[in-house]
Amino acid sequence: MLREAHEDLRRGVRDVCARFPNAYWRDLDAGRRYPEEFVRAMTEAGYLGALIPGEYGGLGLDLSAACAILEEVNRSGANAGPAHAQMYTMGTLLRHGSEEQKEAYLPKVATGELRLQAFGVTEPEAGTDTTSIRTKATREGDHYVVNGRKIYISRVEQSDLMILLARTTPIERVEQRSHGLSVFLVDLRGAEGLTAKPRRVMMNNATNELVLEDLRVPAGNLIGEEGEGFRYILDGMNAERILIAAECVGDGRWFVEKATGRAGEREVFGRRIGENQGVQFPIARAYASVEAASLMVEKAAALFDRGEPCGAEANLAKLLAADASWEAANVAVQTFGGYGFDAGYDVERKFRETRLYQVAPISTNLILSYVAEHVLGLPRSF
Ligand SMILES: Cc1cc2nc3c(=O)[nH]c(=O)nc-3n(C[C@H](O)[C@H](O)[C@H](O)COP(=O)(O)OP(=O)(O)OC[C@H]3O[C@@H](n4cnc5c(N)ncnc54)[C@H](O)[C@@H]3O)c2cc1C
């Protein structure tokens with residue numbers, strides 16, 4: 001493997017992950033349970049507060065370090081998915097929240113007293129096309145009253161707080177579709193007017209349909225300015241893409257290591273399958289793809305940390321890393337043969353988990369469209 005940055009940090013994360021072996025994740029997957037114990041351990045070690053500045057009780061690390069954390073989690077065979085949202089949803093509050101909001105919430109998020117793991121954007125009529133969301137927040141005195149439906153909103157039942165995107169000015173009354181959307185910090189504890197209906201999806205992901213019926217959110221929980229919410233959400237997307245890309249690199253490395261191990265010990269026709277180039281080459285190619293993607297993740301994170309524009313690199317990192325982990329996942333299944341489909345070998349679980357990143361939080365097509373239009377200057381297609 002290439003020399004890796006943040007070796008001390010990575011070692012610490014590996015130590016925490018070692019307490020949660022594959023059998024732990026396998027059992028959770030079978031029972032569709034949320035990894036409460038793992039999330040608690042990661043929070044207690046400070047890793048989920050990595051990006052929260054020291055003045056609010058976090059580790060105050062940069063994005064490159066946060067990438068190292070998430071990569072190591074997935075590389076260990078675990079799934080950072082149930083825990084990662086806190087890292088990037090917190091950014092909306094940190095960058096656009098008032099000082100009062102930051103002081104009230106960030107220290108508690110850092111210690112785990114408050115869990116900020118839910119991010120409510122997607123709706124049945126608006127997934128990729130975010131500005132079409134129909135959830136409405138109407139100001140009534142010192143509250144906003146929220147009505148609408150959201151879909152695939154993860155970890156609502158395991159969070160105390162949710163970042164919610166809603167329309168505050170009807171789409172017919174704004175000059176641009178991206179205007180008139182606002183971001184709220186919703187306190188989920190005992191909230192009335194909010195029903196979560198769990199959706200069973202391909203992997204163990206606590207995701208829900210949300211029905212919002214006259215949910216009352218104090219006006220003080222509006223983040224930033226009313227109507228500017230889409231910009232705030234976009235603002236966090238580079239960080240989100242780079243962090244998810246790091247998870248994909250971790251998955252890719254796990255698959256390559258698994259496939260290599262299996263190829264070196266499984267004997268068929270009296271010889272190890274890894275002696276056949278037909279088995280070796282796809283693993284070597286997947287290794288090359290993962291290492292190349294890792295360089296793009298490093299580049300994107302370094303630009304982000306220097307405060308330089310990184311839209312192109314963040315998107316490329318997400319695209320290349322999601323493709324590399326998916327390639328490595330397929331190679332691992334092929335190398336394991338029938339055992340690749342057997343839950344007892346973990347490959348099929350990780351295969352299902354890494355598949356998500358072709359679609360969420362942004363699909364491959366949308367990244368290609370970004371690159372075509374914004375990097376290559378090709379005509380806008382939608
Ligand atoms: C397990 C899971 C967890 C999730 N967690 C959350 C969460 O916590 N919070 C949240 O807000 N959302 C969450 N999502 C939602 C996720 O972000 C969306 O599913 C995703 O953004 C895609 O939206 P969609 O499903 O509506 O697909 P659609 O918008 O219906 O798109 C379907 C397909 O068409 C393609 N497509 C659409 N338009 C174009 C175009 N113009 N050109 C080319 N291709 C196009 C897309 O790329 C996609 O492949 C989650 C989803 C899943 C599956």
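Start with helix H8, residues 237–265. H8 has 29 residues, which should span 42 Å at 1.5 Å a residue, and its end C-alpha atoms are 42 Å apart, so the two agree. The expected span of a helix is 1.5 Å times one less than its number of residues. Helices here are DSSP runs of H or I with at least four residues, strands are runs of E with at least two, and both are numbered from the N terminus. Now colour H8 by burial: 22 of its 29 residues are buried, and the helix is mostly covered. Buried means under 20% relative accessible area, exposed means over 50%, and partly exposed lies in between (1.4 Å probe, protein chains only).

A note before moving on. This is a predicted model, in which local features need pLDDT of at least 70 and side-chain atom pairs count only at pLDDT 80 or more, while totals for chains, interfaces and linings use all residues. Residues are numbered from 1 along each chain as its sequence is written, and side-chain values use heavy atoms, with hydrogens and water left out.

**Next stop: the ligand**

The shell holds 18 residues, and the closest are Phe119, Thr122, Thr128, Tyr152 and Ser363. A polar backbone atom of Phe119 is 2.7 Å from a ligand nitrogen. At Val121, a polar backbone atom is 3.0 Å from a ligand oxygen. Ser154 uses its side chain: a polar atom there lies 2.9 Å from a ligand nitrogen. Taken alone, the ligand exposes 970 Å², of which the protein buries 66%. These areas come from the Shrake-Rupley method with a 1.4 Å probe.

Which elements give two or more residues to this shell? They are strand S3 (143–154) and helix H12 (364–375). S3 gives the most, with three residues. Colour the shell by residue type: ten are nonpolar, eight are polar and none is charged. Here Ala, Val, Leu, Ile, Met, Phe, Trp, Tyr, Cys and Pro count as nonpolar, Asp, Glu, Lys and Arg as charged, and the others, Gly among them, as polar.

**Follow H12**

H12 has twelve residues and reaches 15 Å from first to last C-alpha, close to the 16 Å expected. Pick out its buried residues: Thr364, Ile367, Ser369, Val371 and Glu373. Helix H10 (311–336) is among the elements covering them. Just after H12, stop at Gly377, which takes a positive phi of about 75°.

Go to Val211 in strand S7 (residues 207–218). Val211 counts as buried because its relative accessibility is 14%. Show its contacts (heavy atoms within 4.5 Å). Beyond four places in sequence, Val211 contacts Gly148, Arg149, Gly193, Leu194, Thr195 and Lys197. Gly193 is 18 residues from Val211 in sequence, with the C-alpha atoms 7.8 Å apart.

Then select Thr92 in helix H5 (residues 81–96). Buried or exposed? Thr92 is buried, at 3% relative accessibility. Not counting residues up to four places away in sequence, Thr92 touches Gly97, Ile163, Val183, Ile223 and Tyr232.

Finish at Glu353 in helix H11 (residues 347–355). Its relative accessible area is 7%, so Glu353 is buried. Leaving aside neighbours within four places in sequence, Glu353 is in contact with Asn79 and Met203.

Terms used
Near = heavy atom within 4 Å. Polar contact = N/O pair within 3.5 Å; in protein donor to acceptor, adjacent residues only side chain to side chain.
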